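Visitor: I'm new to this one, could you walk me through it?
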Amino acid sequence: MFKDREKLRPDYVPEELPHREFEIKRLGETLAPAIKGVRPSNVFIYGLPGTGKTAVTKFVLKVLARTAAKLAVKAPRSCYVNCKYDNTAYRVLASLCEQLGVKVPFTGLSISELFRRFVTGLEESRGLAIVVLDEVDALRGEHGCDLLYRLTRVNSELSSSKVSLIGITNDLKFTESLDPRVKSALGEEELVFKPYDSEELEDILRQRARLAFVDGVLEDGVIPLCATLAAREHGDARRALDLLRVAGEVAEREGACKVTEGHVRRAQREIERDRVVEVVRSMPLHGKITLAAIYLLEKKGVREKTTGEIYSLYRDLCRSLRLDELTQRRISDLINELDSAGLVTARVVSRGRRGLTKIVKLNIDGSILKAGLGEDGRLSDLLP
Ligand code: ADP
Ligand code: MG
């Protein structure tokens, strides 16, 4: 099946990024002064997941380094941190220090001391540094916000070096929660990435399929189907590439000689199941019990479930598990979290004089949910 499976992995940055010519040009123009040693404006990039933000940023930084080499000028240093993985101020700073060649311990220093070493590292590098904070919305809390603020001010502490920041986020509401000073400093330039439509996704998939699959193993309908399914998931290229890769793996496991649309459908289910299992696993016990109540109502044929119905069943489940129940208010909050995770849709409706109520619908297949919940031994006995 595969001639090079790695080419479908999300961290592979291809040599060409179809349908992102405009974004590449804009970001390239913004960063171009770096070649002359002039500090580029800070840039804030937003867009939904899988719209190519990380790929475009890494691509442009690579081109910048190449251009500097060609012109025999000093290349800007680039430091990349994904704040979802390094999600504390300490870890972000430790990673930045390390990329500047400054050794710091994994723990034990104060944030101020780390920041001081980072500034010293920058000064010693005597030049321009481009600091990319990817998934910067993951950097929350007092320390996180404080670090963002200090980073936007760092140039005032530097004399022989300069810093430009690129902040990237999937969370379109993130800027509203930012300190206005940070917001205006980071957003000197803004770049919005729109979701791909299914034709654009097809082009992206074809390019990667040529690199990843043996010629001729994909049936004609495979790429269009992956593109259509991913376009429904808000035009997520990562999702489209995952579908194609997993479809290939399913076909391989079955010993098939071609990848078919059936394999794509099975891949879709497999990915969905893994995602649900992962979300459920990371949920607190009472969130799982709430989901179990939703599942049981669904099984009874109740499509539109009110919070009241869910809560009353939730309470019964707590009793049979000999647990103290949470308040209806807390359960309502947990339902909102399930909504954010995409497992359910919760919608507030008016019921005339009886006031407002929330209607909850399950967004995923019942059997997939059951498999996810069943992983918790405490719950598996409650689910028929
Ligand atoms: P984001 O950072 O916006 O969540 P990524 O940049 O990580 O998205 O893109 C997700 C995946 O899709 C990566 O594997 C990336 O290489 C690929 N991808 C995104 N846009 C393109 C494109 N225009 N051409 C080729 N591959 C792309
Ligand atoms: Mg990204």
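Guide: On a 1 Å grid over the protein atoms alone, a pocket is an open set of points where a 1.4 Å probe fits, with protein on both sides within 12 Å along at least five of seven lines, and a molecule sits in a pocket if more than half of its atoms lie within 2 Å of its grid points. This is a predicted model, where local features need pLDDT of at least 70, side-chain atom pairs count only at pLDDT 80 or more, and totals for linings use all residues. Residues are numbered from 1 along each chain, ligands are numbered from 1 in the order written, and side-chain values use heavy atoms, without hydrogens or water.
Visitor: Which pocket does ligand 1 sit in?
Guide: Ligand 1 sits in the second largest pocket.
Visitor: And which residues come nearest?
Guide: Around ligand 1 there are 22 residues, of which P18, G50, K53, T54 and Y196 come nearest, where near means a heavy atom within 4 Å.
Visitor: What does the side chain of Y196 do there?
Guide: An N or O atom of that Y196 side chain is 2.6 Å from a nitrogen atom of ligand 1, a polar contact being a pair of N or O atoms within 3.5 Å. A polar backbone atom of G50 lies 2.8 Å from an oxygen atom of the ligand.
Visitor: Why does ligand 1 lie between the domains?
Guide: Domain 1 (7-193) and domain 2 (198-280), with bounds from an automatic or database assignment, both give residues to its shell, so ligand 1 lies between them.

Conventions
Polar contact = N/O pair within 3.5 Å; in protein donor to acceptor, adjacent residues only side chain to side chain. 1 Å grid on protein atoms, 1.4 Å probe; cavity = no way out; pocket = protein on both sides within 12 Å on 5 of 7 lines; lining within 4 Å.
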